[in-house]
Structures are given as structure tokens and as C-alpha cells.
Amino acid sequence: MIDTATLWTVIICLGVGSFLLRFTFLGFVGDRPLPAWLLRHLRYTAVAILPALVAPLVVYSGEGGSTDITRVGAAIATLAVGMWTRNVFAAIGAGAATLFLLIYVL
Amino acid sequence: MPITTTKSAFWAGVRDGAPFIFVAGPFAMLFGVLATEAGLNVFEVMTFSLAVIAGAAQFTALQVMENDAPTVVVILSALAVNLRVAMYSAALTPYLGRAPLWQRVFAAYLLVDQSYALSHAKFEAVPDLTIPQRMAYYFGTCLLVMIVWFGMSYAGAALGTQLPADLPLDFALPIAFLSMVAPMVRTLPHLIAATVAVIVGLLAVSVPYSLGLIIAGAAGMMAGAQAELWLKGRSP
């Protein structure tokens, strides 16, 4: 369970932080161009952080950190369909269907 | 229909933004459900959605909090996921940077994937729009998506406690993340960034304070940036 003080600290800091991320350039920087190396790294933030967050959840998904094959199967199906169709819903549908199917079969 | 007035620009934005309610709606609802499952009440869920308006960052914060990570790691991880909005902000500045400050404050608050993608494409395609027309179009793209975002967050929070207990909800989040990230992997450097992040993320999983996530994310970003440079160097 998440404790209330932590939760509100996170909500407030994340709210302010997200606003600052959004406002920095639009509000403070104006028309000045950004250094190329910074933009180059920013381009890969989401495709790096999200997989890094998901990978342990998939691989150590079983009890006591073992690998649960139903979760791995669902993850592979989600990724494959998502990369193939570029459609978020098709990917979610494939992942959920695979998960239910594997839980039912195994 | 060509945009001739500020009003028509606003409604053009509303029309173009409409299909995105089908993207924002389900994620908002899922957030409401999972946050409720994690023990948040409706007021906390709504404040969270209202203050942050960023699906991926909110899911990240929720997940990392449930891992009992220190608060600062929770915030850093979620902000890292949200770094792309700084890029959007930079990309829109040449078009909106001369609008009045109060409008830019609201525009910044509402800056999400959808408002950025639609507006940037429109401003590039129709360069002779005035700044008020641009702002009107931008706010138009936000209207329906925001209504649906808050409404469905509420619906999810209200629904959360009533779902059957044997649903495998533990895995809703990984599936949601993977479905968001898969379409983003458009180029070889994207793929390299993701692969390096996964490998480092798995190796660094026992690093204390959930710092493995930050290390893996940074490694992925650097790998992506280096791969981009390397590929550019080879095919000038």
C-alpha cells in the first residue's frame, strides 16, 4: 500500500515538474535553438525508460521472481503486434487475448 | 475547409482532435482502475490526473511507488518518462513563442502527445496562420481529449473497486506500456535504445532504491544517440 504523505509528495512534485518540462521552452527559452546533442538524447527517452521499466516486470513476473511464461507470452504478443500494426489497440488486444488464452491453457 | 478566423481555427482543432479520444479514454480509465487498486481514493486519482496529464508518467509513478522505491526515485523516473514533452515544447516554440504569456502558460499545461502532434503538423503545413489562429487551433485539439481524460479517469476510479478479483490486473500495466512503446520504435537507433535499456534494466534490477531504472534509461538514451550519430556518419 502507498502511504498518503508519499503519494501527495509525488503528485505535487510530478505536477510541478511536468509543468516545468512543458513550459521551459515555450515560456523561458523562446526562439533560441537547442544544442543538437541534447535533442539527440531527448529523442530516445521514452523508448529507453519504458522498456527498462517493463523488462523486469515481464521476466521476473512469477512468484518469488521466477519467470511466468503466460506473462512473457503476452508481452511478446503485445510487442510484435504493436511493432507490426503501429496500432495501440491492436497491441493491447493481442496482449490481453494471449494472456487469457495462456492462463486458460496452461 | 480553410481556416479564415480564430473561431474556425478552434473548431478545426476540435475536429482534428476528436479521434484521439479513443486513445486517451482507455488509458485514463486504466489509470483510474489501477490507481484505485493500489489504494488511491477518487479524489487522489483525479488530482493526480489533473496535475500531471501524462499517461505514461502516471503509470510509471504508480508502478515505482508500489515497488517501495524512495520518493525521489519515483519522481525522477516519472519525469524521465515525461522528458519528451520538453522536446514538444521546444518544437512548438517557433510557432507559439510570441503569444501572450498567460496563453503560453495554459498551452504548456495542456501539452500532450496529441496536441503537439496535430498542432506541429498543422503549423508546418499552413505557415500563414496568425498567432491567435495557431493558439485557437492548439486549444481546439485539446478540448475533447481533456474532457475524456478527466471523465474516464473518474470512471476508472469509480469502477476500480468493483472489478472481479481474479482478473490478472498485475499485467495490465506492462501490456499498456508495451503497446505505447512498440509504435514508437520507428528506426534502428530506437530499437538499439530499447534493447540496451532492456538488457541493462534486467542486469540492474537489484540495484538499491530502484535506481536500476534510471541507469538503464540513461544507458538506452546514450545508446540511441550514439547509434544515430554512427548511422549518420556512415550514410552522409
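Which residues in H3(A) meet which residues in H10(B)? This is a predicted model, where local features need pLDDT of at least 70, side-chain atom pairs count only at pLDDT 80 or more, and totals for chains, interfaces and linings use all residues. Residues are numbered from 1 along each chain as its sequence is written, while chains are lettered from A and ligands numbered from 1 in the order in which they are written.

Here's who meets whom, with contact taken as C-beta atoms, placed from the backbone, within 7 Å. Helices are DSSP runs (H or I, at least four residues), numbered from the N terminus.

| Helix | Residues in the contact |
|---|---|
| H3(A) | A:Ala46, A:Val47, A:Leu50, A:Pro51, A:Leu53, A:Val54, A:Leu57, A:Val58 |
| H10(B) | B:Pro174, B:Phe177, B:Leu178, B:Met180, B:Val181 |

By class, that contact of H3(A) with H10(B) has 13 nonpolar, no polar and no charged residues. Nonpolar here covers Ala, Val, Leu, Ile, Met, Phe, Trp, Tyr, Cys and Pro; Asp, Glu, Lys and Arg are charged, and the others, Gly among them, polar.

As for geometry, the axes of H3(A) and H10(B) (residues 172-181) are 10 Å apart, at an angle of about 150 degrees. That makes the two helices, H3(A) and H10(B), roughly antiparallel (angles over 145 degrees). Axes are lines fitted to C-alpha atoms over the stretch in contact, and angles run from 0 to 180 degrees between N-to-C directions.

Zooming out, 61 residues of chain A are in contact with 75 residues of chain B. H1(A) gives the largest share of chain A's side, 19 residues. By class, that side of chain A has 42 nonpolar, 13 polar and six charged residues.

Note on methods:
Two residues are in contact if their C-beta atoms, placed from the backbone, lie within 7 Å. Angles under 35 degrees count as roughly parallel, over 145 as roughly antiparallel, 65 to 115 as roughly perpendicular and the rest as oblique.
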